[in-house]
Amino acid sequence: MDLFSQTNLFSTTEIRKTEFDLQGAEVVLFESFFSIKESNILYNSLLENTIWEQDQMTIYGKKVNLPRLTAWYGNVDKTLFYAGSKRKMHSWNVDLALIKERIEQEVNIKFTRCLLNFYRNGNDSVDWHQDYRGAQRKNTVIGSVTFGTTRPFQLKHATQKDLKRVDIPLTHGSLLVMQGATQENWKHKIPKTTKKIPPRINLTFRWVKKN
């Protein structure tokens, strides 16, 4: 079912590339990186075949559910720590391998793992944060692919409060690439909304430079 087909009469399947002028960051958006047909198929397949889990975090000594479902996939089966607890990282499945290959052709990077997030409604979100810690933030590549409803991706500088916040609508089939020291200098979030909106699946393919 084409839940997320665009009805805009001026919509096109041509990939539209936008480079953002952000201090100390390399951020590029590719709209329509996947066609509407591809995106619909991949959304439904990922929704059904991903091993989704409900993570928890500890706030003031009490465990609460993260406001989204998540899953880790990567090069090898292994245990990792995420949100303060042990998680299973599964081997790439067919869908993820296909998506991974497509975006690797664009960024010329071999991604090693992927975090999938399932935002079930407008109440699901992720608060301000930077990916990775310490020296790892200085040279990373993250390829963020969206399937499903459009959600705003917000960026704000980690230390310079005078720089304006940036809002980037991540649409069905889009690819957002963050490279270099983006994670060191900028925070990002997906805010909540009170609007009744359809779900969204986001895939963040990851690579970190080894020292």
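**Close-up views of a predicted model**

**View 1. The ends of helix 2.** Asn-108 follows helix 2 and has a positive phi, near 60°. The model is predicted. At the N-terminal end, Asn-93 caps helix 2. A side-chain oxygen of Asn-93 lies 3.3 Å from the backbone nitrogen of Asp-95. Helix 2 has 14 residues. From first C-alpha to last, helix 2 reaches 20 Å, close to the 20 Å expected at 1.5 Å a residue.

View 2. Asp-95, Leu-96, Ile-99, Lys-100, Ile-103, Glu-104 and Val-107 are the buried residues of helix 2. They lie on the same side of helix 2, because they cover an arc of only 150° around the axis. An α-helix has 3.6 residues a turn, so residues three or four places apart point the same way. Val-94 and Gln-105 are exposed on the other side of helix 2. The cover over the buried residues of helix 2 includes helix 1, strand 5, strand 8, strand 10, strand 13 and strand 15.

**View 3. The largest nonpolar core.** This core has 28 residues. Those with the most contacts inside it are Ile-99, Leu-116, Val-145, Phe-147, Leu-203 and Phe-205. Among the elements that give two or more residues are helix 1 (36-49), helix 2 (94-107), strand 10 (140-148) and strand 15 (200-208). Helix 2 gives the most, with four residues. A second, separate core has 16 residues, including Leu-29, Leu-155, Ile-168 and Leu-170.

**View 4. Surroundings of Val-145.** Neighbours within four places in sequence are left aside here. Val-145 is in contact with Phe-34, Ile-99, Ile-103, Ser-174, Leu-175, Ile-201, Asn-202, Leu-203 and Phe-205.

**View 5. The Trp-52 and Phe-118 pair.** The whole structure holds six aromatic pairs. One of them, Trp-52 with Phe-118, is tilted, at 5.4 Å centre to centre and 35° between the planes. Trp-52 lies in the loop between helix 1 and strand 3 (56-59), and Phe-118 in strand 8, so the pair ties together parts 66 residues apart in sequence. Trp-52 is buried at 18% relative accessible area. Phe-118 also counts as buried, at 10% relative accessibility.

**View 6. The Trp-92 and Phe-205 pair.** Trp-92 and Phe-205 are stacked, at 6.0 Å centre to centre and 20° between the planes. The pair links distant parts of the chain, 113 residues apart. Trp-92 sits in the loop between strand 7 (85-91) and helix 2, and Phe-205 in strand 15. Phe-205 is buried, with a relative accessible area of 0%.

**View 7. An aromatic cluster.** Phe-30, Phe-33, Phe-34 and Phe-147 form one aromatic cluster.

Conventions
Residues are numbered from 1 along each chain as its sequence is written. This is a predicted model: local features need pLDDT of at least 70, side-chain atom pairs count only at pLDDT 80 or more; totals for chains, interfaces and linings use all residues. Side-chain values use heavy atoms; hydrogens and water are left out. A nonpolar core is a set of buried Ala, Val, Leu, Ile, Met, Phe, Trp, Tyr and Cys residues joined through side-chain atoms within 4.5 Å. Buried means under 20% relative accessible area, exposed over 50%, partly exposed in between (1.4 Å probe, protein chains only). Contact means heavy atoms within 4.5 Å. Rings of Phe, Tyr and Trp (its six-membered ring) pair if their centres lie within 6.5 Å; planes under 30 degrees apart count as stacked, over 60 as edge-to-face and the rest as tilted. The expected span of a helix is 1.5 Å times one less than its number of residues. The arc is that of the directions from the helix axis to the C-beta atoms. A polar contact is a pair of N or O atoms within 3.5 Å; within protein, one must be able to donate a hydrogen and the other to accept it, and residues adjacent in sequence count only if both atoms are side-chain atoms.
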